[in-house]
Amino acid sequence: MSRPEWFEDERFWESTYPFIFEEERFAAGEAEVAELAKLTGSPFRRVLDLCCGPGRHSIPLARQGARVTAVDRSPFLLEKAKSRADLEKLDVEWVQEDMRLFVRPDEFDLVISLFTSFGYFGDEENLTVLRNVFRSLAPGGFFIIDVMGKEIVARSFAASAVEKKSDGSTRVETREIIDDWYRIRSRWFLIQDEKVTKITFDTALYSGRELVDLLKKAGFENVKLFGSLQGISYDLRAQRLVAVARKSGE
Ligand SMILES: C[S@@+](CC[C@H](N)C(=O)[O-])C[C@H]1O[C@@H](n2cnc3c(N)ncnc32)[C@H](O)[C@@H]1O
């Protein structure tokens, strides 16, 4: 049997959880949810949070009355999300499924893929994910995707970084551009109680234009780019690559 990919390894999500999903990130998720309708200019009711993780967006969306389906392949992260939602007795449909497989034709007004939850596979499978999203949207529905843009990485590339947390644990990261700028390889050394956990993961890097082209290939005709979820322009000040794509109405 072949070795699981990094995103299929539960130990990856368990060991990185304290570094990726600090409590402040949940507050940020809540603020981001407030921006979604401003980005699309359209209200929504039925939402698919694709790769929901521990529910940073699904939970505030459900709190504000949206009917949320939250999909993730990690049982560990889904359990984290469920227990947070249960504390508030929120009704969310949690689905353990791979984004390459999940499709519910014409079901959602809004699909979100936030915080670099895209670009984990080869070209064909990445496109399959976008085609699944397109099919799952109702006519006139919107898709919001938020990844790290290639232009931003080129502008502000740092080959290494160190983050020390208040509990004494430390993350040392090195980054490398690989496959002729198609991907970025990150190596994390997580130091907790004198123990070092080493992980490596690769994610695709899209330029704004490449992401637009891929979304169009998946069926979206109308795609706009932004440089943050707050809606700044995708220019030299961009912090993220955010695309808002609309499925044509009937
Ligand atoms: C960086 S996290 C972002 C989580 C969430 N969107 C957020 O903003 O907090 C990426 C998520 O993608 C999920 N994931 C990775 N590969 C997946 C796959 N093949 N199918 C479905 N979910 C996947 C992970 O389990 C993780 O929850």
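Tutor: One caution before we start. This is a predicted model.

Student: How many salt bridges does a search of the whole structure find?

Tutor: The search returns 24 salt bridges.

Student: Which residue pairs with Asp106, and how far apart are the closest N and O atoms?

Tutor: The general idea is a distance test: a side-chain nitrogen of Lys or Arg within 4 Å of a carboxyl oxygen of Asp or Glu. Here Asp106 pairs with Lys247, and their closest N and O atoms are 3.3 Å apart. This pair joins distant parts of the chain, 141 residues apart. Asp106 sits in the loop between β3 (92-96) and β4 (108-113), while Lys247 belongs to the segment after β11 (241-246).

Student: Is Lys247 buried or exposed?

Tutor: Buried means under 20% relative accessible area, and exposed means over 50%. Lys247 has 10%, so the residue is buried.

Student: Which residue forms a salt bridge with Glu173?

Tutor: Arg171 does, with the closest N and O atoms 2.3 Å apart. Both Glu173 and Arg171 are buried.

Student: And what about Arg237: which residue is its salt-bridge partner?

Tutor: Asp235, at 3.0 Å between the closest N and O atoms. Arg237 is exposed because its relative accessible area is 55%. Asp235 stands at 34%, so Asp235 counts as partly exposed. Elsewhere, salt bridges with shared partners tie Glu8, Arg73, Asp98, Arg100 and Glu125 into one network.

Student: Now the ligand. Which residues come nearest?

Tutor: Read the shell before the individual contacts. There are 20 residues around the ligand, and Cys51, Arg56, Asp72, Met99 and Leu114 come nearest. By type, the shell divides into eleven nonpolar, four polar and five charged residues.

Student: Which atom of Arg73 lies 3.3 Å from a ligand nitrogen: backbone or side chain?

Tutor: A backbone N or O atom of Arg73. For Asp98, an N or O atom of the side chain is 3.2 Å from a ligand nitrogen. Ser117 also places a polar side-chain atom 3.4 Å from a nitrogen of the ligand. Now the area: taken alone the ligand exposes 590 Å², and the protein buries 98% of that.

Student: Next, a helix. Which residues of α1 are buried?

Tutor: Start with the buried positions, then ask what covers them. In α1 (residues 10-20), the buried residues are Phe12, Trp13, Ser15, Thr16, Tyr17, Phe19 and Ile20. Their cover includes the helices α2 (23-40) and α4 (75-87). The strands β6 (160-164), β7 (170-178), β8 (183-192) and β9 (195-204) are also among the cover.

Student: Which residue caps the N-terminal end of α1?

Tutor: Asp9 does. One of its side-chain oxygens lies 3.0 Å from the backbone nitrogen of Arg11.

Student: Let me try single residues. Where does Lys150 lie?

Tutor: Lys150 lies in helix α6 (residues 150-155). Its relative accessibility is 16%, so Lys150 counts as buried. A polar atom of the Lys150 side chain lies 3.2 Å from the backbone oxygen of Trp181. Setting aside neighbours within four places in sequence, Lys150 is in contact with Trp181, Leu205, Tyr206, Ser207, Glu210 and Tyr234.

Student: Which helix holds Ser136?

Tutor: Helix α5 (residues 123-136). Ser136 has a relative accessible area of 0%, so Ser136 is buried. Its side chain reaches the backbone nitrogen of Arg104 at 3.0 Å. Beyond four places in sequence, Ser136 touches Phe102, Val103, Arg104, Pro105, Asp106, Glu107 and Phe108.

Student: How far apart in space are Ser136 and Val162?

Tutor: Ser136 and Val162 are 26 residues apart in sequence and 40 Å apart in space, C-alpha to C-alpha. Try the exercise again with Lys224 and Ser83. That pair is 141 residues apart in sequence and 35 Å apart in space, C-alpha to C-alpha.

Student: Which residues does Lys224 touch?

Tutor: First place the residue: Lys224 is in strand β10 (residues 222-226). Not counting residues up to four places away in sequence, Lys224 touches Val242, Ala243 and Val244.

Notes:
Residues are numbered from 1 along each chain as its sequence is written. This is a predicted model: local features need pLDDT of at least 70, side-chain atom pairs count only at pLDDT 80 or more; totals for chains, interfaces and linings use all residues. Side-chain values use heavy atoms; hydrogens and water are left out. Helices (H or I, at least four residues) and strands (E, at least two) are DSSP runs, numbered from the N terminus. Buried means under 20% relative accessible area, exposed over 50%, partly exposed in between (1.4 Å probe, protein chains only). Contact means heavy atoms within 4.5 Å. A residue is near a molecule or strand if one of its heavy atoms lies within 4 Å of it. A polar contact is a pair of N or O atoms within 3.5 Å; within protein, one must be able to donate a hydrogen and the other to accept it, and residues adjacent in sequence count only if both atoms are side-chain atoms. Accessible areas come from the Shrake-Rupley method with a 1.4 Å probe; for residues, only the protein chains shown count as cover. Ala, Val, Leu, Ile, Met, Phe, Trp, Tyr, Cys and Pro count as nonpolar, Asp, Glu, Lys and Arg as charged, and the others, Gly among them, as polar.
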